[in-house]
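Notebook open, model loaded. I jot down what I look up, one topic at a time.

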Amino acid sequence: LDGALTTMASHRVFVYGTLKVGFRNFHVNRGTRLPGDFITEQAYPLYVIGEFGLPWLVHEPGQGHRVTGQVFEVDDAALAAMDALERVGDAGWYSRQPLAVRHTATGDVTQALAYFGSAARLLTDSVHHGPLAEYTEAHQGLYKKHL
């Protein structure tokens, strides 16, 4: 029974880049979207970096802009798939951390998880754009799938 309960766990994830609806890695996002858009309660720097044009949110609260994105309810399996895509646990990639986001229409605040890129990569990878308030279709044009 414990195993059944843990597989049914639900997590809220704030996505701001290629995991959004209509973006290149949305197929990995098997969550259920909460209606509307959300914005981070605090400002964070969001860049487009490196040879692959990755959306790169850095955990430096108070820097950059309040970032717009979407929130999804995901189960453990979907979260694990997102973690694998974002290379959570690999040096120099993303870590998953909580943050507060506000619904842009209702003003309701919720806690969600977000993928933050390693700040060290800003020193080694070229920064194409940023800091940004939103990762858009135009920015996605720079994205290249890394194999």
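Predicted model: local features only at pLDDT ≥ 70, side-chain atom pairs only at ≥ 80, totals over all residues.

Which strands make up the open sheet of three, and in what order? I find β5-β4-β9, with antiparallel pairing. Residues are numbered from 1 along each chain as its sequence is written, and side-chain values use heavy atoms, with hydrogens and water left out.

**Sheet.** My strands and helices are DSSP runs numbered from the N terminus (strands are E, at least two residues; helices are H or I, at least four). Two strands pair if DSSP finds at least two bridges between them. The edges are β5 and β9, each with a single partner strand, so one side of each has no neighbour in the sheet. I get an average twist of 45° from one strand to the next, with axes taken as lines fitted to C-alpha atoms and angles running from 0 to 180 degrees between N-to-C directions. Strand β4 (residues 46–49) pairs with β5 over four bridges, in the antiparallel sense. Leu46 sits opposite Leu57 in β5.

**Val67.** Is this residue, Val67, buried or exposed? Val67 is buried, at 0% relative accessibility; the cut-offs I use are under 20% for buried, over 50% for exposed and partly exposed in between (1.4 Å probe, protein chains only). Val67 is in the loop between β5 and β6 (68–75). Skipping neighbours within four places in sequence, I list its contacts (heavy atoms within 4.5 Å). Among them are Phe14, Tyr16, Phe38, Tyr44 and Leu132. Leu46 and Leu57, the facing residues from the sheet, also touch Val67. I checked Thr124 as well: from Val67 it is 57 residues away in sequence and 23 Å away in space, C-alpha to C-alpha.

**Aromatics.** I count six aromatic pairs in the structure. Rings of Phe, Tyr and Trp (its six-membered ring) pair if their centres lie within 6.5 Å; planes under 30 degrees apart are stacked, over 60 edge-to-face, the rest tilted. Trp56 and Trp93 are edge-to-face, at 6.1 Å centre to centre and 65° between the planes. Trp56 lies in β5 (residues 54–57) and Trp93 in the loop between α2 and β7, so this pair ties together parts 37 residues apart in sequence. Trp56 and Trp93 are both buried. Ring pairs link Trp56, Trp93 and Tyr94 into a cluster. Arg121 lies over the face of Trp93, 4.4 Å from the ring centre; my test for a charge over a ring is NZ of Lys or CZ of Arg within 6 Å of the centre and within 35 degrees of the ring normal.

**Arg96.** What does the side chain of Arg96 hold on to? There is a polar contact of 2.7 Å to the side chain of Asp83. By my rule that is a pair of N or O atoms within 3.5 Å, one able to donate a hydrogen and the other to accept it, where residues adjacent in sequence count only if both atoms are side-chain atoms. Arg96 belongs to strand β7 and is partly exposed at 31%. Beyond four places in sequence, it touches Leu79, Val88 and Tyr115, among others.

Arg87 has a positive phi of about 55° although it is not a glycine. I place Arg87 in the loop between α2 (76–85) and β7 (94–103). The Gly130 to Pro131 peptide bond is cis, omega near 0°, and Pro131 is in the loop between β9 (127–129) and α4 (137–140).
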